[in-house]
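Here is a friendly walk through a structure, told in questions and answers. Take a look at it before reading on.

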Amino acid sequence: MTALFAACAAVLVLSAIGVVVSRHPVHSVVGLIVNFAALAVLFLTLSAEFLAMIQIIIYAGAILVLFLFVIALLTVGSDPIERTANKLPEQAGQAVIAGLVALGFIAWGIQADWTPAAAKAAPDLGTVGTFGVQLLTTHVFAFEATGFVLLVAIIGVVMMAGRRETGARS
Amino acid sequence: MPLIPLDDYLVLSAAMFVIGLIGFLVRRNPLTMLMAVELMWNAGNLVLAAFARNFSDMSGQVFVFVVITVAAAEAAIALAIVVMVFRRRPDVDVDDISVLRG
């Protein structure tokens, strides 16, 4: 169990670094797929079976395929790599400083004592049945709001990307 | 089955979040920036799932579901915007997109 966690953690961090440093977007997508697979295994170690499934199906299956479609649509015959000079010369240094500040805040949060007050026995935590019951009883408003968010996203995407260019307005 | 302590998950998630944050600030290709944002979403998801197990409460996992849905909507809308910008100027660099009017 601990060896599994260590392996998944190593894969997670290395693939995340690969996503950020690779020069071509397709390589980033491949790194992101590996990252999400490792994250699904970590969800399984957290007894979140349903989340592990939707991590694979929705994230790796739908969202990353959307990324791949857009990359294939946009970079056909062109070079998507950042070639121009960076207009913000200190961008990298300031980004690292911002990351360290964020890490400080997160470390401050991690330091707190998070042991639960009373250890409840939950043998079926995270199974599909428990998840469905929770989603449709206790958290039904979040479920409805989720559907509304998707509706708004669909309408917005169709309005923006599905529009034909009328006239030359360059 | 020995449980992995909560702190291990939190440290791992913090590392992943900071990698995503630095990547978002350093890279200038909008597609790579969006993927760095996805890394940050997933770091947050890992924390939520870890706390759900820590407190034996399903609410954290339900919130991960909501976060995944919002991330899908964000990716769809952001990619649509990227497609629109690419139609106007093929070699897109986010440093060049500094005005809202096309």
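Q: Is A:Thr130 buried or exposed?
A: The relative accessibility of A:Thr130 is 17%. Buried means under 20% relative accessible area, exposed over 50%, and partly exposed in between (1.4 Å probe, protein chains only). A:Thr130 therefore counts as buried.

Q: What kind of model is this, and how is it numbered?
A: Residues are numbered from 1 along each chain as its sequence is written, while chains are lettered from A and ligands numbered from 1 in the order in which they are written. Side-chain values use heavy atoms, leaving out hydrogens and water; local features need pLDDT of at least 70, side-chain atom pairs count only at pLDDT 80 or more, totals for chains, interfaces and linings use all residues, and the model is predicted.

Q: Which residues does A:Thr130 contact, leaving aside its neighbours within four places in sequence?
A: Contact means heavy atoms within 4.5 Å. A:Thr130 itself sits in helix α5 of chain A; helices (H or I, at least four residues) and strands (E, at least two) are DSSP runs, numbered from the N terminus. With neighbours within four places set aside, the contacts of A:Thr130 are A:Asp124 and B:Met58.

Q: Which helices do the buried residues of α5(A) pack against?
A: In α5 of chain A (residues 128–136), the residues A:Thr130, A:Phe131 and A:Leu135 are buried. They lie on the same side of α5(A), because their arc around the axis is only 130 degrees, where the arc is that of the directions from the helix axis to the C-beta atoms. On the other side of α5(A), A:Val133 and A:Leu136 are exposed. The buried residues pack against α3 (49–74) and α6 (140–161) of chain A, together with α3 (59–88) of chain B.

Q: Which residues of chain B are in contact with A:Val19?
A: A:Val19 belongs to helix α1 (residues 2–21) of chain A, and A:Val19 is buried, with a relative accessible area of 0%. Leaving aside neighbours within four places in sequence, A:Val19 touches A:Ser28, A:Gly31 and A:Leu32 in chain A. From chain B, the contacts of A:Val19 are B:Thr32, B:Met35 and B:Leu39.

Q: What is the phi of A:Ser47?
A: Most residues other than glycine have a negative phi. A:Ser47 lies in the loop between α2 and α3 of chain A and, at 26% relative accessibility, counts as partly exposed. Its phi is positive although A:Ser47 is a residue other than glycine, with a value near 55 degrees.

Q: Where does B:Ser56 lie?
A: B:Ser56 also has a positive phi, near 50 degrees, in a residue other than glycine. The place of B:Ser56 is the loop between α2 (30–54) and α3 of chain B.

Q: What radius of gyration does chain B have?
A: Chain B holds three helices and zero strands, and its C-alpha atoms fill a box of roughly 55 × 25 × 20 Å along the principal axes. The radius of gyration is taken over C-alpha atoms, and the globule rule is 2.2 Å times the number of residues to the power 0.38. A compact globule of 102 residues would be near 13 Å, but chain B has 17 Å.

Q: How many of the residues of chain B count as buried, in percent?
A: Chain B has 102 residues, and its elements run α-α-α from the N terminus on. The share that counts as buried is 61%.
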